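Dear colleague,

Please find the structure below, handed over for your work.

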Amino acid sequence: MQDIENLIFDLGGVILTLDMPRAEQHFTALGVKDYNTLFRSGNVSSFFKAYEVGSITDTEFLEALKKLAGLPLKDEDLIAAWNAMLGHFPEERIALLNRLKNKYRLFLFSNTNALHLTTFRKAYSDKFNGKIFDELFDKAYYSHTLGMRKPDKASYEHIIRENDLNPSKTVFIDDSILNIEGAESAGLKGIHIKPGMSILDISL
């Protein structure tokens, strides 16, 4: 891409595959009813966002999940169900990132949480001979450690400012149109990974 110097990638659905049906199966097996209503609609409780910006602890999040489910679930069962949505790292996507590092500055910006972070970092290390996931990037930003989340304009502005990026020479890549719109409001260029697409389908 002409005049582009920096790429900022989303994680889930862009680099890491997601398996929402698997998560639903896990929660349903635990006795959770109306999974889609509770977890996947616009009705999602505010504590999910609170967890994504690190304002509540793992313990507080798990207790809130138990209350939402209305069941006395064991922590380890809940954690397994919560992490079930995380898929895998396709080798061709990681190979692409390694190639792109020779041409661009690479960054990651993910709305995530502490439980997921531990899990996908381990999954990456296990698959790629002990390599560290974050080392794919100049810097990786996670909402729960940043204290901000997409699509808030301030979150993108923080990354731009901290890394002295020129927004007009920076592309943000995400599978959520809302997150793309947030990035564009901060002056970034956006590429929307639509259903059925992957980062292998875009010209970088």
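This is a predicted model: local features need pLDDT of at least 70, side-chain atom pairs count only at pLDDT 80 or more; totals for chains, interfaces and linings use all residues.

Strand S4, which covers residues 170-174, pairs with S5 in the parallel sense over four bridges. His192 in S5 is the bridge partner of Asp174.

**A pair of helices**

Helix H1 (residues 20-29) packs with helix H5 (residues 75-83) at an angle of about 160°, and their axes are 7 Å apart. An angle over 145 degrees counts as roughly antiparallel, and H1 and H5 are therefore roughly antiparallel to each other. On the H1 side, Ala23, His26 and Phe27 take part in the contact, and they meet Leu78, Ala80, Ala81 and Trp82 in H5. By class, this contact between H1 and H5 has six nonpolar residues, one polar residue and no charged residues.

The largest pocket has a volume of about 1100 Å³. Its lining is made up of 31 residues, and those nearest the centre of the pocket are Leu18, Met20, Glu52, Asn111 and Arg149. Helix H2 (35-40), helix H3 (46-52), helix H7 (114-127) and helix H10 (177-185) are the elements that give two or more residues to this lining. Sorted by class, the lining of the largest pocket has 14 nonpolar, nine polar and eight charged residues.

The second largest pocket has a volume of about 160 Å³. Helix H6 (residues 91-100) gives the most to the lining of this second pocket, with four residues. Among the residues that line the second largest pocket are Glu91, Ile94, Tyr124, Phe128, Lys131 and Leu136. The lining of the second largest pocket has six nonpolar, two polar and four charged residues by class.

With kind regards

Note on methods
Residues are numbered from 1 along each chain as its sequence is written. Side-chain values use heavy atoms; hydrogens and water are left out. Two strands pair if DSSP finds at least two bridges between them. On a 1 Å grid over the protein atoms alone, a cavity is a set of points where a 1.4 Å probe fits but cannot get out, and a pocket is an open set with protein on both sides within 12 Å along at least five of seven lines; lining residues have an atom within 4 Å of a point. Grid points are joined across faces, edges and corners, and a volume is the space filled by probe spheres set on the points. Ala, Val, Leu, Ile, Met, Phe, Trp, Tyr, Cys and Pro count as nonpolar, Asp, Glu, Lys and Arg as charged, and the others, Gly among them, as polar. Axes are lines fitted to C-alpha atoms, for helices over the stretch in contact, and angles run from 0 to 180 degrees between N-to-C directions. Angles under 35 degrees count as roughly parallel, over 145 as roughly antiparallel, 65 to 115 as roughly perpendicular and the rest as oblique. Contact means heavy atoms within 4.5 Å.
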